[in-house]
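Please look over the model shown here before reading on. The paragraphs below go through it part by part.

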Amino acid sequence: MSTRSIPAARYEDRLGRAQALLPAHDASALLIGVGAELQWLTGYAAHALPRLTMLVIPSRDRSSLVVPRLELAAARECTAVHAGLIDLITWEETEDPFELVARLLDESNSRPEIQLGALGGAWGRLGGLLVSDRLWATFLLRLQAVVPDAAFGLASTVLSDLRAIKDSEEVELLRTAAHAADRAITRVATGRLIGRTEADIAAEVRERLVAEGHDEAAFWIVASGPNSASPHHEPGERVVQSGQPLLLDIGGRIEGYGSDITRTFWVAGDGYGGPTDEYRHLYDVLQRAQATGTQSVKPGVPAEDVDTAGRRVIEDAGFGPNFIHRTGHGIGLEGHEDPYIVAGNERALVVGNAFSIEPGIYIDGRYGARIEDIVVCGPSGPDTLNEAPRELVVVRGT
Ligand code: ZN
Ligand code: ZN
């Protein structure tokens, strides 16, 4: 799916900013294969194919999108090509696309003023070539063969900070996805649960994510009873029973932008099947931790401080050893991207950062709970995209 909500001016701005950063990285070009970086720069949500598709962004001059002839029609429709921001170059089945990329690099580097190597840089004739992080090894090896003098690095060194700051259209796509996930999770949890397997409920999650507006479902953790103590539980044949928690961690994509929500419900059944005081206490600590982490979000605050703020609440209640993962991850065109909300990440949050806040408490063999929202760093504090209730919701499940 393409990102039709992002106007051409955004791509022009992104391409320009990425290009402008290349000299500071002693790099002569960005070489971007299929994936989130390509989509972010051009709007082209291409399929990963054994035939090379590559966006070549030289440190100056126009950028070119090299595509196999077969993909011409799809590539022509992406916003950056459609708006004339980049050139489209097709290659035929009998041509070597890597030689084509090498020629483009040579052309842009034939200008003496950008022969970085000649200026004393360590990169050699072509300067550094920054390839997209998930470029297949088979492509990278063939690129290395055709430009043997170049040193290769990762495009994320230039693009990650740019992508981590969401513009207003991106925030609205994330918000639309978050609200669709809110509705999906609420509908699943308030329906019949008892007597169904986790796998069956997971199938309903996939349907509801799409029915509520996602282009596709991305993941569907359904963890009942003791399985809720396993953060990445794979939904299986366990049958949901009354008097136990049910953890749902689900997400989908709208125009490539992800939702990611976790809520933990208590399935009570028709009689009075809990929750136990012990579980209520655990959940209360968790909810306070999640709220404290969220409230700590504002520009200038180091990412790790958000982790510390929530973690301290859990530690003070004696559950420190039961919170076994980082607090959160960035989200955008990838489900996990910068900034990571984790000890050791000293980078200060900036307006437009979008990330999850998802502390959990897990009592192995018994039960667990996690609460996850997607939060955007606003000018004066957190903008929480999810709106589904965060308190412990007791559902009948019948
Ligand atoms: Zn999640
Ligand atoms: Zn998450």
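The side chain of asparagine 353 reaches the backbone nitrogen of valine 350 at 3.0 Å. It also reaches the backbone oxygen of alanine 164, at 2.8 Å. Both are polar contacts, that is, pairs of N or O atoms within 3.5 Å; within protein, one atom must be able to donate a hydrogen and the other to accept it, and residues adjacent in sequence count only if both atoms are side-chain atoms.

This is a predicted model, in which local features need pLDDT of at least 70 and side-chain atom pairs count only at pLDDT 80 or more, while totals for chains, interfaces and linings use all residues. Residues are numbered from 1 along each chain as its sequence is written, chains are lettered from A and ligands numbered from 1 in the order in which they are written, and side-chain values use heavy atoms, with hydrogens and water left out.

Asparagine 353 is found in the loop between strand 12 (337-341) and strand 13 (354-357); helices (H or I, at least four residues) and strands (E, at least two) are DSSP runs, numbered from the N terminus. With a relative accessible area of 4%, asparagine 353 is buried. Buried means under 20% relative accessible area, exposed over 50% and partly exposed in between, with a 1.4 Å probe and protein chains only. Leaving out residues up to four places away in sequence, asparagine 353 touches Ala164, Ile165, Pro339, Ala348, Val375, Val376 and Cys377, where contact means heavy atoms within 4.5 Å.

The domain assignment of the protein chain gives domain 1 (8-163) and domain 2 (165-395); such bounds come from an automatic or database assignment. Taken over C-alpha atoms, the domain centres are separated by 36 Å. Ten residues from domain 1 and 14 residues from domain 2 take part in the contact. The two domains bury about 990 Å² between them, 28% of it on carbon and sulfur atoms; buried area is the accessible area (1.4 Å probe) that two parts lose on being put together, summed over both. On the side of domain 1, Arg10, Asp161 and Arg163 lose the most area to domain 2, together 49% of what that side buries.

Arg163 also belongs to helix 7 (residues 156-163), whose buried residues are Val158, Leu159, Ser160, Leu162 and Arg163. Among the elements covering these buried residues are helix 1 (8-21), strand 6 (151-154) and strand 12.

The metal sites come next. The zinc ion (ligand 1) is coordinated by Asp249 (OD), Asp249 (OD), Asp260 (OD) and Glu372 (OE), at 2.0 to 2.6 Å. Donors are N, O and S atoms within 2.8 Å of the metal (3.2 Å for Na, K and Ca); water is not among the atoms, so sites may look incomplete. The spacing of these donors along the chain is D-x10-D-x111-E. Aspartate 249 lies in strand 8 (residues 244-254) and glutamate 372 in the loop between strand 15 (367-370) and strand 16 (373-377), so the pair ties together parts that are 123 residues apart in sequence. Aspartate 249 and glutamate 372 are both buried.

Aspartate 260 and histidine 329 are buried.
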